[in-house]
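Welcome! Please open the structure and keep it beside you while you read this briefing, which goes through it topic by topic.

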Amino acid sequence: MLIERVAGFSDNGHPLLMKGSVAAVTDEKENNSFSAEADSADDIAAKNKADAIKRRELAYTYRSNLAPGNATDEDPGEPLSRAEKRRRKAERSAEPKVKLNKKTLWRQKELIIITIPFILYGFLFYYIPLGGWVMAFQKYKPQNGLFGSEWVGLSVFERILNDKSFQLVFRNTLAMGIINLVLSFAFAIGFALLLNEVRLRRPKKFVQTVSYLPHFLSWIIVVGIIRDMLSMDHGIVNEILVNLGIFDGPVNFFSKPSWFWWIVGFSNVWKETGWNSIIYLAAITAINPEMYEAASLDGAGRFGKMWHVTLPGIRPTIFILLLINLGNVLNVGFEVQYLLTNGIVKSVSETIDIWVLYWGIGQGDFSIGTAAGIFKSVIAIILIFLANGAAKAAGEERLF
Amino acid sequence: MKKKLTRLIAVLLAVTLLSGLAAGCENLGKAKVKKFDMFIAMPGTELNEGNRAQAEITKITGVEVKETWLTGQSAEEAIGVMVAAKDYPDFIEASDGYQIMVDAGALIPIDKYWDKYPNIKNYLSEEQWNMCRKADGHIYAIPQFGIVNEKDVSPIHNDEAWWIQTRVLKWAGYPQVETLDEYFQLIEDYAAANPKHTDGTNVIPYTILCDDWRYFCLENPPLFLQGSPNDGSVIVDPDTQKVIDYNTTPIAKQYFMKLNEEFKKGMIDPEFFSQSYDEYITKISTGRVLGFVDQFWNWGYTAQDAIKAAGLNDCTYVPLGIVAEAGIEERYHNEPVLDVSGGLSITTSCKDIDGAMKFISDLLTQEVLTLRFWGIKDVDYKVGDDGLFYRTEEMRANAIDANYKADNLCPYAYFPQYEGMNLDGKNAWRPDNQPSEFFEDLLPEVKECLEAYGAETYVEMLNPSVPNSPWFPMWSFSNDLTPETPGGLAWAKMSEIKHEWLPRVVMAEDFEAEWSAYLDKYYGEADIDAFLAEMQAEVDRRIAVAAGN
Amino acid sequence: MDNIELEPKSESAEVKRIRTKKINPADLLFVLINSLILSFAVAITLYPILNTLALSFNDGLDALRGGIYLIPRKFSLKNYETIFNTNHLRIAAVNSVLRTAIAATMHLAVTALLSYVLSVKEFVFKKPVSLFFVLTMYVNAGLIPTFLLFRELRLTNTFWVYVIPGIVAAFNLLVLRTYMNSLPDSYRESAQIDGANHITIFIKIIAPICKPVFATIALFIAVYHWSSWFDNMIYNPRNGNLTTLQYELMKLMSSVTSQTSSNSAYGKSTQSVAITPTSIRAAATMVTSMPIVVLYPFLQRYFITGLTIGGVKE
């Protein structure tokens with residue numbers, strides 16, 4: 001079985017894999033105890049069944065992704081696809097049934113041994129410094145240290161949560177976070193899909209290279225350019241809109257509080273779409289070409305294949321990034337807002353980070369910065385637990 | 001491919017290690033030179049290795065100081081990390097982190113060590129040193145700025161003024177412009193007669209910078225219009241020594257009403273409240289802006305230069321001391337301010353305190369002062385037969401070239417220094433304060449304008465400075481206010497409200513309504529009295545300290 | 001039109017035949033619209049880059065006046081000269097390349113191994129270990145505790161402080177794991193049945209298939225490390241031998257304001273010698289992004305090869 005597959009692969013130019021598999025075969029002989037792990041007859045039977053299902057799945061996935069109206073010719077597709085969906089969902093959400101007992105632990109000793117150093121490392125570098133969170137419960141002064149500062153209980157949190165200006169910046173942060181999340185996902189995925197459809201190599205490479213360059217521009221440069229373009233004084237956007245008769249005269253884009261969040265959102269899109277799409281382009285490479293063939297045989301056009309094969313194919317990646325970024329929804333930063341703001345739109349532009357910069361860092365108050373950080377962490381963790389639960393229920397890829 | 005990569009990494013590693021060794025050997029070679037390091041909690045330029053003037057100073061003093069500067073952090077944050085780790089450089093200018101350092105016991109008391117170094121002890125007067133003492137009676141920092149030898153000879157007004165292009169004054173025949181109304185009338189008339197700039201765009205009669213903390217250009221003119229010096233946050237009545245809030249005085253209302261009126265006439269840049277600092281500098285640099293209020297250091301060193309570089313010689317600016325009504329004496333120009341809120345300190349990490357003190361003392365000799373601020377004789381400046389220093393065209397160009405400076409000049413700018421005149425009494429402390437250098441370089445258009453007003457320098461366009469009051473400047477106190485006190489909280493709130501409301505007042509359809517809405521907000525949300533009380537207490541304290549109590 | 005004929009080689013002959021026979025007008029429309037959208041996207045993303053490029057070659061003072069779009073108005077190399085006159089430039093460049101190379105290879109290898117382990121569906125600790133790392137994305141201890149830890153570990157004032165922290169970034173871990181999850185289980189399982197151990201399976205079977213996502217993650221790590229300077233400033237501020245390019249550039253940029261402010265502001269002689277924050281920033285951006293731009297095409301082929309893997313033919 002392995003050998004067959006190796007042959008299949010070497011055609012596709014994976015010499016390494018070929019060598020590797022041979023090595024794997026040799027390993028088997030040397031490592032009897034491990035191969036003993038190679039499962040009971042039950043397991044093998046289950047595996048074969050799974051493989052068979054997988055194969056069937058490939059053929060159907062494409063169809064099942066079609067909207068009912070599109071699935072025309074061979075139409076057992078429709079009811080079958082629903083059944084398929086249910087089955088796949090069940091399959092995805094089903095936890096592999098492994099009992100935590102001595103036997104399992106022994107069988108998985110290799111995985112466990114690999115994991116141990118990671119846990120130690122993570123503990124040392126990520127969790128031990130969290131001891132610093134005690135600052136949020138102190139009136140921390142660097143000169144007194146973490147152990148010598150005065151304890152103030154929850155009063156820092158009380159101060160933050162009762163502060164009207166904090167409630168305002170929380171609202172702003174959340175709003176901008178959501179707008180950014182939606183826009184950046186939509187644009188990055190859309191861009192990756194469209195770019196993937198370009199069949200000419202050179203233009204494709206060119207477009208891709210250009211698209212991710214803005215990632216390297218600092219916000220201060222990007223904001224300068226955005227301000228130029230939106231300027232009342234010969235800004236290109238105003239000139240176009242006035243010439244088209246949409247505006248009567250030049251408009252000051254930065255005088256409208258209701259526009260500010262969107263300006264920030266689209267600035268983000270401009271800067272990061274190409275960069276964010278890289279991940280999706282990589283994910284697209286994992287899609288089985290047979291699915292495209294199946295789609296072609298069904299007479300799907302370019303758009304149809306993009307919509308019904310490529311997009312579902314990167315769904316796990318989309319979901320995992322969505323989950324990650326949902327936790328980051330309050331991390332909208334401060335730079336772009338700070339650089340774009342002015343007195344009149346201040347009430348919608350200030351974010352939690354700006355608030356911390358002003359009231360915490362700027363005044364050397366480490367406690368308030370730490371407390372705001374803890375506040376954001378708690379919200380993030382609640383969000384990802386909720387989202388992860390939802391993903392589990394929906395049978396989608398999840399964080400943990 | 002992996003092999004290649006491994007090899008590449010190995011080679012690179014070897015290179016790093018070797019270069020580290022090489023650097024180590026170098027140090028052994030120059031064992032006699034004492035090396036200190038210094039952190040300055042402000043942004044600044046690092047000297048390049050092998051800096052020429054630095055090497056000369058090292059020859060005289062036997063000491064080399066490696067300066068590092070604040071980068072991308074706040075001073076408190078940088079100092080906070082140092083204090084938490086108890087790991088300091090030898091010298092430090094802690095800026096806003098000074099009090100943290102003092103509280104942490106990280107600094108050595110200068111006054112315990114200064115007996116052997118008269119240069120340091122006599123650097124300030126007894127009274128001035130007293131102002132520097134902390135609660136325990138010791139001095140932990142030496143102020144570096146505002147210590148004037150003989151007299152201040154700076155030809156440029158570095159502070160706030162109403163700036164106006166020389167072409168506007170020339171067009172009107174160099175009239176006397178004293179009041180707010182006259183200033184705007186002149187700008188209006190000129191703009192009506194000359195609506196286009198040389199590049200074909202419309203002129204911008206007047207603009208106001210409102211970006212972040214730089215919005216002082218909008219909010220603080222009422223203070224000056226009243227004839228007060230730049231105390232910053234409040235006016236202190238010189239007779240009663242009581243503080244007055246300038247934000248809501250009748251003159252403030254008059255000023256904002258005037259701006260509102262001009263805004264409605266289209267005289268004020270419609271983007272004024274949303275422009276960024278960069279955009280503002282760009283606008284001024286094109287020469288399109290006829291006038292504005294600002295501190296010179298905030299715009300002059302970039303925009304004024306850009307205008308000249310573009311050859312728009314009649315578009316540079318001269319300062320005017322505008323007041324609200326005729327008859328008020330303006331106080332725009334003041335004497336250099338001795339800032340006692342911090343300075344150069346030596347930390348407890350310094351292993352050779354005497355060496356450090358000796359170095360500071362050596363830096364205050366004229367020989368080294370000249371090296372620091374003029375450079376090396378015959379390379380960076382020449383000495384005329386009359387003993388006056390001068391520079392050739394090439395030397396002048398070198399002195400403003402960033403690369404040349406990093407390689408050749410070493411001002412050790414955050415060590416103590418004398419401003420005004422050199423100790424020889426002949427030359428100014430720095431080339432740009434030397435009158436001969438100034439006149440050599442003056443544009444004919446500016447010269448003509450200055451002469452029309454009977455002035456030789458920019459400074460002479462304004463009233464001469466008078467001695468500073470003992471409490472002056474109050475901004476050095478309000479800058480350090482934190483929200484921990486009610487007054488500090490009010491100060492922060494005031495600035496928030498003003499920042500949002502003053503642009504609205506200027507742009508209001510109905511000025512009176514907007515103005516009273518602003519006042520409601522101002523008095524409703526900020527505890528102005530708490531703020532004024534703290535300011536008053538500080539005024540009283542400063543008067544007492546100066547009186548020797 | 002070309003687009004239709006140039007099919008990826010990997011598509012089967014049959015599909016090709018079908019496709020070339022009837023050119024679907026809807027496809028033509030799609031290609032047309034797609035080209036339009038992408039051309040527009042290229043235009044608006046290319047502009048800021050070209051603008052920055054133009055600014056970087058323009059005299060700083062002159063640029064203050066604005067109005068520079070795609071072509072420098074007053075050509076000058078001063079900005080680049082200033083950048084290349086930076087202290088310790090050579091050692092800084094070596095350190096930057098070194099940390100980028102080491103981090104990209106080491107972090108990728110290590111993270112990939114862990115993500116493989118977490119992609120093994122029957123692994124009993126899959127869930128808790130994932131959660132353990134996921135949480136690290138959302139908690140942040142702050143500057144001072146982290147600094148104290150690194151000092152205790154004797155990492156400060158060493159090169160290792162650049163590459164030892166952040167070996168396992170949860171984001172990268174999750175992206176890798178997702179990719180591995182999306183591969184058919186049959187790869188791993190059959191090898192396992194054949195008795196290979198996990199390390200072997202990871203190195204010989206999974207890793208080669210994961211090239212595209214490895215390239216992506218390597219790029220992410222490399223870009224992060226190439227552009228880092230804060231760790232340099234915090235942990236190694238006063239050791240010239242450990243400086244990095246980005247830190248030197250940061251120092252330069254934050255000092256520019258003070259440089260311009262000590263120019264002679266009233267003289268005639270200010271002839272194109274001043275650099276300004278804008279001009280130096282533009283040049284620094286170019287210097288910073290160029291190495292990554294050059295690196296990218298090498299990684300890019302892994303994204304474009306697509307459609308060639310996953311061909312489980314049985």
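**An enclosed strand in chain B**

All six residues of strand E5 (residues 160–165) of chain B are buried, so the strand is largely enclosed by the rest of the structure. Keep in mind as you read that this is a predicted model. For the complex, the predictor gives an ipTM of 0.84 and a pTM of 0.83.

- E5(B) runs antiparallel to strand E9 (residues 289–295) of chain B, and five bridges join the two. Within E9(B), Gln295(B) is the bridge partner of Glu160(B).
- E5(B) also pairs with strand E10 (residues 317–320) of chain B, in the antiparallel sense and over four bridges. Here Trp163(B) has Pro319(B) of E10(B) as its bridge partner.

**A four-stranded sheet in chain B**

- Chain B has an open sheet of four strands with mixed pairing, and the strand order is E2-E1-E3-E11.
- Strand E1 (residues 34–40) and strand E3 (residues 91–93) of chain B pair in the parallel sense, over three bridges. To find this pairing on screen, look for Met38(B), whose bridge partner in E3(B) is Phe91(B).

**Where chain B meets chain A**

- How many residues of each chain are in contact here? On the chain B side there are 23, and they touch 21 residues of chain A.
- Four elements of chain B give two or more residues to this side: helix H3 (75–85), helix H4 (98–103), helix H12 (277–285) and helix H21 (486–507).
- H3(B) provides the largest share, with five residues.
- Sorted by class, the side of chain B that touches chain A has nine nonpolar, six polar and eight charged residues.

- Chain A has 21 helices and two strands. Of its 400 residues, 41% are buried.
- Among chain A contacts between residues at least 6 apart in sequence, 64% join residues at least 24 apart.
- Is H20(A) mostly covered or mostly exposed? It is mostly covered, with six of its eight residues buried.
- The buried residues of H20(A) are Ile352(A), Asp353(A), Ile354(A), Trp355(A), Val356(A) and Trp359(A). They pack against H10, helix H18 (335–340) and helix H21 (366–394) of chain A.
- Helix H10 (residues 164–196) and helix H20 (residues 352–359) of chain A have axes that come within 8 Å and cross at roughly 145°.
- Ser165(A), Phe166(A), Val169(A), Phe170(A) and Thr173(A) of H10(A) make this contact with Ile352(A), Ile354(A) and Trp355(A) of H20(A).
- The contact of H10(A) with H20(A) has six nonpolar and two polar residues, and no charged residues.

**Chain C and its confidence**

- Chain C has 16 helices and zero strands. Of its 314 residues, 52% count as buried.
- Of the contacts in chain C with a separation of 6 or more, 71% are between residues 24 or more positions apart.
- The average pLDDT of chain C is 82, and 83% of the residues score at least 70.
- Where in chain C is confidence lowest, and where is it highest? It is lowest in helix H1 (residues 2–5) of chain C, at a mean of 38, and highest in helix H9 (residues 160–163) of chain C, at 95.
- Over residues 1–11 of chain C, pLDDT stays under 50, and the model has 17 contacts beyond four places in sequence for them.
- Over residues 260–272 of chain C, pLDDT also stays under 50, and here the model has 46 such contacts.
- Where pLDDT is low, the predicted coordinates should not be read in detail.

Technical notes:
Residues numbered from 1 in each chain as written. Chains lettered and ligands numbered in written order. Predicted model: local features only at pLDDT ≥ 70, side-chain atom pairs only at ≥ 80, totals over all residues. Contact = placed C-beta atoms within 7 Å. Nonpolar A, V, L, I, M, F, W, Y, C, P; charged D, E, K, R; others polar. Pairing = 2+ DSSP bridges. Axes fitted to C-alpha atoms, helices over the stretch in contact; angles between N-to-C directions. pLDDT = per-residue confidence, 0-100. Buried ≥ 20, exposed ≤ 12 C-beta atoms within 10 Å, placed from the backbone.
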